[in-house]
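The following note sets out several points on the model under review. Each point may be checked against the sequence and the structure shown here.

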Amino acid sequence: EDNSVVILDSDGTLKTDEADGRIFGSTLVDAANGVDNRIPTFTDSNSLNGEANLTFDGSKLKVAGSVSGSSTVEATGNATFGGLLRVSGSITGSNTLFVNSGTKFVGINKGLPEAQLHISSSAASNKGLIIDALGNQTADLVTIREKGGATALKIDKNGVTTTTSLKFTSGLSGSGAIETTGNGTFGGTLNFSGALSASNNTFFE
């Protein structure tokens with residue numbers, strides 16, 4: 001099929017030339033809103049639109065809106081979120097942070113966490129968990145509640161407080177005073193270099 005068209009040459013001469021046959025059909029693509037760094041998407045079978053909310057400047061891909069994925073998202077650099085991060089599946093990252101979507105367990109340095117929060121030290125000399133109180137700390141650092149919702153044990157800037165019985169199955173060693181208004185049951189050695197006072201019975205097994 002001859003796709004010849006008449007064109008005006010640069011010297012003002014009319015002549016024929018062979019054209020792309022797609023200009024006579026509907027498969028030639030046209031574009032709109034073509035701005036630097038915008039990524040185009042198809043708006044129909046043969047039209048592209050430069051998306052203002054989807055840009056790439058050669059180093060950073062920017063999406064101004066929601067991102068949805070059904071497979072793995074991988075990044076070799078840092079990820080910065082200015083809002084909430086909601087994940088309906090598991091989070092894995094070479095076991096540094098692991099979230100099991102089935103059990104809702106979270107592991108730090110633990111690929112298969114066995115509790116709601118499971119922290120595994122990365123080296124024998126590393127501390128497992130440190131919580132620093134502020135100088136003007138008023139809220140509890142750690143609160144553990146009973147099934148009914150009442151506080152069973154709390155840790156604040158002054159120390160540990162419990163409203164229930166404490167049971168130790170191994171040695172307990174302390175350099176300060178231990179005070180209790182309830183029963184204390186110890187299955188192992190209890191060593192003190194400070195005072196021991198109790199307003200109720202203390203049993204040693």
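1. Leaving aside residues up to four places away in sequence, His118 touches Val106, Gly107, Ile108, Lys110 and Pro113. The model is a predicted one, and the contacts of His118 with these residues, including Pro113 and Lys110, are computed from it.

2. Where does His118 lie? The residue belongs to strand E9, which covers residues 117-119. His118 counts as buried because its relative accessibility is 19%, and the cut-off for buried is under 20%.

3. The protein chain has 19 strands and zero helices. Of its 205 residues, 10% are buried, and His118 is one of the residues classed in this way. The protein chain exposes about 16,200 Å², of which carbon and sulfur atoms supply 50%.

4. The sequence range of the contacts deserves a separate remark. When contacts between residues at least 6 apart in sequence are taken, 0% of them join residues at least 24 apart.

5. Is Asp36 buried or exposed? Its relative accessible area is 65%, so Asp36 is exposed, the cut-off for that class being over 50%. Asp36 and Thr55 stand 19 residues apart along the chain, and 8.6 Å separates their C-alpha atoms.

6. How many salt bridges does the count give? The count comes to one salt bridge. The side chains of Asp9 and Lys15 meet in a salt bridge, with a distance of 3.4 Å from N to O. Asp9 has 26% relative accessibility and therefore counts as partly exposed. Lys15, at 39% relative accessibility, likewise counts as partly exposed.

7. Which residues are the closest to its centre? Of the 28 residues that line this pocket, they are Val67, Val73, Phe81, Leu85 and Val87. By class, the lining of the largest pocket is made up of 15 polar, 11 nonpolar and two charged residues.

How values were computed
Residues are numbered from 1 along each chain as its sequence is written. This is a predicted model: local features need pLDDT of at least 70, side-chain atom pairs count only at pLDDT 80 or more; totals for chains, interfaces and linings use all residues. Side-chain values use heavy atoms; hydrogens and water are left out. A salt bridge is a side-chain nitrogen of Lys or Arg within 4 Å of a carboxyl oxygen of Asp or Glu. Buried means under 20% relative accessible area, exposed over 50%, partly exposed in between (1.4 Å probe, protein chains only). On a 1 Å grid over the protein atoms alone, a cavity is a set of points where a 1.4 Å probe fits but cannot get out, and a pocket is an open set with protein on both sides within 12 Å along at least five of seven lines; lining residues have an atom within 4 Å of a point. Ala, Val, Leu, Ile, Met, Phe, Trp, Tyr, Cys and Pro count as nonpolar, Asp, Glu, Lys and Arg as charged, and the others, Gly among them, as polar. Helices (H or I, at least four residues) and strands (E, at least two) are DSSP runs, numbered from the N terminus. Contact means heavy atoms within 4.5 Å. Accessible areas come from the Shrake-Rupley method with a 1.4 Å probe; for residues, only the protein chains shown count as cover.
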